[in-house]
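Here is a friendly tour of one protein model, taken topic by topic. Keep the structure in view as you read.

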Amino acid sequence: MLNKLPSFPGIAGPVVVIVMDGYGIPKTEVGSAIAAARKPTLDALFAKYAHISLRAHGTAVGMPSDDDMGNSEVGHNAIGAGQVYAQGAALVAGAIASGAIWQGQAWQQIVAGAKAGANGKSGVLHFIGLFSDGNVHSHIDHLKALVLRARDEGLRAVRIHALLDGRDVPETSALDYLEPFEAFLGDLAAAGFDAQIASGGGRQVITMDRYDANWKMVEQGWHTHVLGRGEQFASASEAVRALRQRLPGTIDQDLPPFVIARDGAPVGTIEDGDAVVFYNFRGDRAIEITRAFEEGAEFDKFDRVRTPAVTYAGMLQYDGDLKLPKRFLVDPPAIRDTMSEWFSKSGVAQFACSETQKFGHVTYFWNGNRSSKFAGETWQEVPSDVVPFEQRPWMKAAEITDAMIAAIQSGQYKVLRCNYANGDMVGHSGHFRAATMAIEAVDLALSRLLPAIDAAGGVALITADHGNADEMFELDKKTKQPALNPDGSYKAKTAHTLNPVPLVLYDNVSGGKLGLKALEGAGLSNIAATVANLIGFEKHEAWDESLLSTSQAD
Ligand SMILES: O=C(O)[C@@H](CO)OP(=O)(O)O
Ligand SMILES: [Mn+2]
Ligand SMILES: [Mn+2]
């Protein structure tokens, strides 16, 4: 149980933490869908209530460097745990640099599995994952290290199944990664090691679904990577060129699947005796395909047609509760002492809500990559639409708000949390106009939610996990100003940003006694202690400092 604060009994009503996914503080108004949105509620929040900015990228959220943008996993982990852990990107890079990854049992079993093969023939080692240097789900340098090590281990062949990104990196950058990589593989092949790209497709089309939103994507991925069914091309770069020509304006994440073939035969279907490494380190979009590989006859999400007997590993363990996958190359961060756990131990009833696309963010990521609840937690999922979100920028903001208002009015919960997906999911489309509407939808939601909090005598902390809609145009690397296409138009940007995020204390109950401290270097990991203080508890010793000032205590 957390200790009671000696000086402040906590507010009478509930504390509501509102995460506006993808809502950063823009550096410039040009290209900011947030600056362009009509948002009277948010404007009033910033005009009238205590607010500070928080770091939400780089080392402040456990990424390897401050050149790394934030993302939902590391952001929600930091908020929920109140601490910063070295995250997957850093842990994998470290394990490769030290060589520890190759000494681990999992890698050795992968190598042994491929060498043993089946039916008297050694197997092939397949790498499936996101093909970029975005460092949100994966990094291409990790893939390179894996391929080289597979060669050094004396494996017969490797095949790569490349999920095109354009969401954590510029929207049509696939060839910038594919061409040098094909050259790298070509050099290996010339030196006698059989290494080729075997299949691929846009990450929003195949394989990388999350939170059971659309298993069809995983089914299509299985058909592409495992069965080798789909449109055939001579190489991945040729596939990208041809598909772009056929589907003008389609960005990388949305490109259809492709299979690489010679003389009509796929070069890398997945067969009995092969080994498979899913090389993404982040879990949300890795769990479904992992289940398809690991589960037996009980698997009922789609017809796999064929289930090759393979040795399978994930880069990390993606879910510590479900032990998914069983075999993994690098230990995940051992996230402990989350606020959900300690509020639960302190008898605080908690409510969490989002729509499918972000549901795991406010539950599984928030609770330290655990898919189970702590005692006294209630989770509510609002099913997301399965459409391109630029067509429905309001997404489920209204329904999430309905659920939050009902939960507040029930009087059952002391701490509530929700995530509005709009700024992020629509921001990822690169569609500026839709992104302004996304922010307007969040604003409208807040205009309903905040009065319900007032009526319950509560307060809200309004924040975000990282930026996205705040920068909808690529910035020129040198000038840091929005970059232009050859025709003079702005280059659309689909990725997250490096910008800080707001933290607003919406408080109409303390009569001005509560405020926020602008601590040097404050980041998302300072929120947990702030919530604890607001409900009258001291922070857990592992948590970063609280940002709450109470006129009695300070
Ligand atoms: O869509 C995703 O998987 C990531 C970007 O790669 O976004 P977020 O971290 O906001 O979930
Ligand atoms: Mn996010
Ligand atoms: Mn995002």
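Helix axes here are lines fitted to C-alpha atoms, over the stretch in contact, and their angles run from 0 to 180 degrees between N-to-C directions. Helices (H or I, at least four residues) and strands (E, at least two) are DSSP runs, numbered from the N terminus. This is a predicted model, in which local features need pLDDT of at least 70 and side-chain atom pairs count only at pLDDT 80 or more, while totals for chains, interfaces and linings use all residues. Residues are numbered from 1 along each chain as its sequence is written, chains are lettered from A and ligands numbered from 1 in the order in which they are written, and side-chain values use heavy atoms, with hydrogens and water left out.

**Helices that meet**

- Two packed helices are described by the angle between their axes and the distance between the axes.
- Helix H7 (residues 140-152) and helix H8 (residues 174-190) have axes that come within 12 Å and cross at roughly 10 degrees.
- H7 and H8 are therefore roughly parallel to each other (angles under 35 degrees count as roughly parallel, over 145 as roughly antiparallel, 65 to 115 as roughly perpendicular and the rest as oblique).
- The contact (heavy atoms within 4.5 Å) involves residues including Leu-143 and Val-147 of H7 and Phe-181 and Leu-185 of H8.
- By class, this contact of H7 with H8 has 9 nonpolar, no polar and 2 charged residues (Ala, Val, Leu, Ile, Met, Phe, Trp, Tyr, Cys and Pro count as nonpolar, Asp, Glu, Lys and Arg as charged, and the others, Gly among them, as polar).
- For helix H2 (residues 40-48) and helix H16 (residues 432-455), the axes come within 7 Å and cross at roughly 65 degrees, so H2 and H16 are roughly perpendicular to each other.
- Pro-40, Thr-41, Leu-42 and Leu-45 of H2 meet Ile-439, Asp-443, Leu-446, Ser-447 and Leu-450 of H16, and the residues of this contact divide into 6 nonpolar, 2 polar and 1 charged.

**The manganese ions**

- The manganese ion (ligand 2) has Asp-21 (OD), Ser-72 (OG), Asp-465 (OD) and His-466 (NE2) as its protein donors, 1.9 to 2.2 Å away (donors are N, O and S atoms within 2.8 Å of the metal, or 3.2 Å for Na, K and Ca; water is not among the atoms, so sites may look incomplete).
- Asp-21, in the loop between strand S1 (15-20) and helix H1 (33-36), and Ser-72, in helix H3 (residues 72-81), are 51 residues apart, and the pair links distant parts of the chain.
- Both Asp-21 and Ser-72 are buried (buried means under 20% relative accessible area, exposed over 50%, partly exposed in between, with a 1.4 Å probe and protein chains only).
- The manganese ion (ligand 3) lies 4.3 Å from the manganese ion (ligand 2).
- Asp-424 is in helix H15 (residues 422-427) and His-496 in the loop between strand S15 (459-463) and strand S16 (501-507), so the pair ties together parts 72 residues apart in sequence.
- Asp-424 and His-496 are both buried.

**Backbone and loops**

- Most residues other than glycine have a negative phi, and most peptide bonds are trans.
- Leu-324 and Pro-325 are joined by a cis peptide bond, with omega about -10 degrees.
- Asp-263 has a positive phi, near 50 degrees, and counts as exposed at 85% relative accessibility.
- Asp-212 has a phi near 55 degrees, also positive, and is partly exposed, with a relative accessible area of 44%.
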